[in-house]
Amino acid sequence: MAPVKVFGPAASTNVARVLVCLEEVGAEYELVDIDFPGKGHKRPEHLARNPFGQVPAFQDGDLILFESRAIAKYVLRKYKSEQVDLLRESNLEEAAMVDIWTEVEIHQYHPALSPIVLECFIYPTLRGLPTNQRIVDESLVKAKKVLEIYEAHLSKHKYLAGDFVSFADLNHFACTFYLMDATPYASLFNSYPHVKAWWEDLMSRPSMKKLGAGMTTRV
C-alpha cells in the first residue's frame, strides 16, 4: 500500500499538527513540499486538494482531505490500536475530555499565543516585517490568563484530558514549540511549573523530538 501524502512545508504549524500524529501512530507517509514563495499553494493542482489554497492537504489513495485537525483525527482513527489510542473514542467520558481541550486549544490557547509567534518569528523571518510590540504585549496578557487556567488544571492531571496523552496534547505542539524556540518569551512558562512540566514531558516524546529537530530555529 502506498504511503499517505501530506502536502505542505514541515515548518508550517498546521502541517506539523498532522505530522506529529502520523509519527505517534507510526504510519508511513510522504511529505510533499509546497513552494510558498512561488505561490504553489494557489496553483490549480493544489487548489484541487485544498480549495482555500492553504496547507496542509492530505491524500490517502483516492481520498483527499484538508483542514489540519480533521486530517489529524482521520489519521488517529485509521491507525488506532491497543497501544495507540489518542482520541479515546471507546470511552465516552475520556473522549469528551479530549474534545473539550481540543476546543480550548482552538478558541483560547492558540488565539492567545500564536500572535506572539507571528510577530516575533513568522512575520520578521518570512515577510521581513518588524515586530509589532503592542500586539505582542497584548497577547502576553491574554496568554498569561490562559496559562493560569492550564496551570490549575495540570496541577490535578498529568495531561490535558486526564492521566493519558491524547490528541488534545498533541494539538499544542507546533505553536508552543515556536514560542519556546523562536521567540524571546520561552521564560513565560517559568511562572507556571505544571504547564512547564507538561510541555517538557511532551517534548521528550520521540515524535516531537524528531519533528522539533527539523523545525529548530534557535541560532
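The legends below describe close-up views of a predicted model.

**View 1. The protein is divided into two domains.**
Domain 1 covers residues 2–77, and domain 2 covers residues 90–209. Taken over C-alpha atoms, the centres of domain 1 and domain 2 are separated by 22 Å. Contact between the domains involves twelve residues of domain 1 and twelve residues of domain 2.

**View 2**
Strands of a sheet pair through backbone hydrogen bonds, in either a parallel or an antiparallel way.

**View 3. Strand 1 (residues 4–7) runs parallel to strand 2.**
The two strands are joined by four bridges. Phe7 has Val32 of strand 2 as its bridge partner. Phe7 is also in contact with His46.

**View 4. Pro9 sits in the loop that connects strand 1 with helix 1 (13–25).**
With residues up to four places away in sequence not counted, Pro9 touches Val15, Asp33, Ile34, Phe36 and Val55. Pro9 and Val55 are 46 residues apart in sequence, while their C-alpha atoms are 8.1 Å apart in space.

**View 5. His46 is a buried residue of helix 2 (residues 44–47).**
The relative accessible area of His46 is 0%, which is why His46 counts as buried, the limit being under 20%. Apart from neighbours within four places in sequence, His46 is in contact with Phe7, Ile34, Gly40, His41, Gly53, Gln54, Val55 and Ala57. Among these residues, Ile34 and Val55 also touch Pro9.

**View 6. Helix 4 (residues 92–127) crosses helix 5 (residues 133–154).**
The axes of the two helices come within 9 Å and cross at roughly 145°. The crossing of helix 4 past helix 5 is left-handed. By class, 15 nonpolar, three polar and three charged residues make up the contact between helix 4 and helix 5.

**View 7. Residues of helix 4 meet residues of helix 5.**
On the helix 4 side, the contact includes Trp101, Val104, Tyr109, Leu113 and Ile116.

Note on methods
Residues numbered from 1 in each chain as written. Predicted model: local features only at pLDDT ≥ 70, side-chain atom pairs only at ≥ 80, totals over all residues. Heavy atoms only, no water. Buried < 20%, exposed > 50% of the residue type's maximum accessible area, 1.4 Å probe, protein only. Contact = heavy atoms within 4.5 Å. Axes fitted to C-alpha atoms, helices over the stretch in contact; angles between N-to-C directions. Left-handed = near helix turned anticlockwise from the far one by under 90°. Nonpolar A, V, L, I, M, F, W, Y, C, P; charged D, E, K, R; others polar. Pairing = 2+ DSSP bridges. Domains from an automatic or database assignment.
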